[in-house]
Amino acid sequence: MSRIAYVNGLYVPHGEAGVHIEDRGFQFADGVYEVCEVRDGHLIDETRHISRLIRSLGELRMAMPMSRAALGLVLREVVRRNRVRDGLVYLQVTRGVAQRNFLFPANTTPTLVVTARATSRAELEQRAEAGISVITVPDNRWDRVDIKTVGLLPNCLAKEAAKAAGAREAWFVDRDGYVTEGGSSNAWIVSAEGRLITRPAEFGILRGITRTVTLEVAARLNLQVEERGFTREEAYAAVEAFVTSATLGVMPVVRIDGRAVGDGKPGRAARELRATFHSVAEVAP
Ligand code: PMP
């Protein structure tokens, strides 16, 4: 079956889909994106993802390319045309096409691209049963990582470093030694007292949708949460660790910088949060 992408009003074969060379997304990474999980054919937490998209756009003084309702229809149509039951839908909005100039162009039409792809739920569950390894790297990103921009080169480099070290994810560590977040996920640990610890999302990290929902899941499970920073050393000493993202869900971390976390197996809190997640997350119609 051929893949279909949505590009500025048209559904086109994925292999032929493209945007203009002077698109500001290409020239300046002047664009934002969202990734939403698709499960049993339904979008998960669509409302929150689109609200965050609107916030990201607002921070960059960009307009929504279409109404929320229309965007919802496009997302569903891309999922449908690609016959995705379990997978991911990706959307990107850029400021549009303009002669290359740093200043924001007047009156450009935003570019909107939507793609979807299937993923294997079984493979993901297998990975969650084994847990993943992470390494730590210096956080060398700009300080507006709360905006979900497509400027992800530091994240690519960090994740490449993780891969070279045999790990799946990299945790950024700030100058004071505190873990900020993963290259494409939020970072959590569990203290010896069984408290979940994750950094506040006011600044310095992306406010992950999975993070927000996981906080609700934790409340449902009567797990205590401390929203505060934690250091790399605290992470080494944690009894459990995990990451959250729309792509991975709640994913146990079993090694940090080559050291076993707890007993080196996925922890109980992470497994419970993962098992309960989808009964709390919003399932869109
Ligand atoms: N932080 C970063 C840097 C990310 O790229 C992502 C995933 N897009 C997340 C956190 C997790 O966000 P979400 O739970 O909304 O996928």
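**Stop one: a loop arginine**

Select R85 and, skipping its neighbours within four places in sequence, you'll find it in contact (heavy atoms within 4.5 Å) with V38, R39, D40 and G41. Before going on, note that this is a predicted model, where local features need pLDDT of at least 70, side-chain atom pairs count only at pLDDT 80 or more, and totals for chains, interfaces and linings use all residues. Residues are numbered from 1 along each chain as its sequence is written, and side-chain values use heavy atoms, with hydrogens and water left out.

R85 sits in the loop between helix 3 and strand 5; helices (H or I, at least four residues) and strands (E, at least two) are DSSP runs, numbered from the N terminus. Its relative accessible area is 52%, so R85 is exposed (buried means under 20%, exposed over 50%, partly exposed in between, with a 1.4 Å probe and protein chains only).

**Stop two: a helix pair**

Show helix 2 (residues 46–59) with helix 3 (residues 68–81): they pack at about 120°, their axes 12 Å apart. Axes here are lines fitted to C-alpha atoms, for helices over the stretch in contact, and angles run from 0 to 180 degrees between N-to-C directions. That angle makes helix 2 oblique to helix 3, since under 35 degrees counts as roughly parallel, over 145 as roughly antiparallel, 65 to 115 as roughly perpendicular and the rest as oblique.

Which residues of helix 2 and helix 3 make the contact? Pick E46, T47, I50, S51, L53 and I54 on helix 2, then R68, L71, G72, L75 and R76 on helix 3.

**Stop three: the cores**

Of its 25 residues, L43, V89, L91, V93, L112 and V114 touch the most other members. Strand 3 (31–39), helix 2, helix 3, strand 5 (87–94) and strand 6 (111–118) each give two or more residues to this core, and helix 3 gives the most, with five. Apart from this core lies another, of 21 residues, including I197, Y236, M251 and I256.

**Last stop: a strand leucine**

Jump to L10 in strand 2 (residues 10–13). L10 counts as exposed, at 53% relative accessibility.

Notes. A nonpolar core is a set of buried Ala, Val, Leu, Ile, Met, Phe, Trp, Tyr and Cys residues joined through side-chain atoms within 4.5 Å.
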